[in-house]
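Reader: Could you walk me through the labels on this one? I'd like to hear what stands behind each of them.

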Amino acid sequence: KAALKPYLHMLKTIRKRVLAQKKAGKTLEEVTKNKAITAEFDAKFGGGFISAAKMRESVYKSLIVKNK
């Protein structure tokens, strides 16, 4: 469980940041291109099967579904 805490923190932080951008009226394209949202985590979690841009896109799209 302890090994998953940093990963969970990353997911919660990115979700919070993407949600703030969405509430500020940013589009999917703008959020996907905003590297600052995930930059803090790129060194530790980047380079996996999902890119940082895809992560931002996926989180944004998940918020669209939840807010319908």
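**Contacts, core and rings**

Author: Let's start with T38: leaving aside neighbours within four places in sequence, T38 is in contact with I14, A52 and R56, where contact means heavy atoms within 4.5 Å. Keep in mind that this is a predicted model, with local features needing pLDDT of at least 70, side-chain atom pairs counting only at pLDDT 80 or more, and totals for chains, interfaces and linings using all residues. Residues are numbered from 1 along each chain as its sequence is written, and side-chain values use heavy atoms, leaving out hydrogens and water.

Reader: Why is T38 called buried?

Author: Its relative accessible area is 2%. Buried means under 20%, exposed over 50% and partly exposed in between, with a 1.4 Å probe and protein chains only, so T38 is buried. T38 sits in the loop between α2 (28–33) and α3; helices here are DSSP runs of H or I, at least four residues, numbered from the N terminus.

Reader: What makes up the largest nonpolar core?

Author: Eleven residues: M10, I14, V18, L19, V31, I37, F41, M55, V59, Y60 and L63. A nonpolar core is a set of buried Ala, Val, Leu, Ile, Met, Phe, Trp, Tyr and Cys residues joined through side-chain atoms within 4.5 Å. α1 and α4 are the elements giving two or more residues to this core. As for I37, not counting residues up to four places away in sequence, I37 touches I14, R17, V18, Q21, V31 and R56.

Reader: How many aromatic pairs are there?

Author: The count comes to two. Rings of Phe, Tyr and Trp (its six-membered ring) pair if their centres lie within 6.5 Å; planes under 30 degrees apart are stacked, over 60 edge-to-face, and the rest tilted.

Reader: Why is the pair of Y7 and F45 called edge-to-face?

Author: The ring centres of Y7 and F45 are 5.7 Å apart and the planes are at 65 degrees, so the pair is edge-to-face. Y7 belongs to helix α1 and F45 to helix α3, so this pair ties together parts 38 residues apart in sequence.

Reader: And what makes F41 and F45 a tilted pair?

Author: For F41 and F45, it's 6.5 Å centre to centre with 50 degrees between the planes, and that pair is tilted. Both lie in helix α3, four residues apart, about one turn of the helix. Ring pairs link Y7, F41 and F45 into a cluster.
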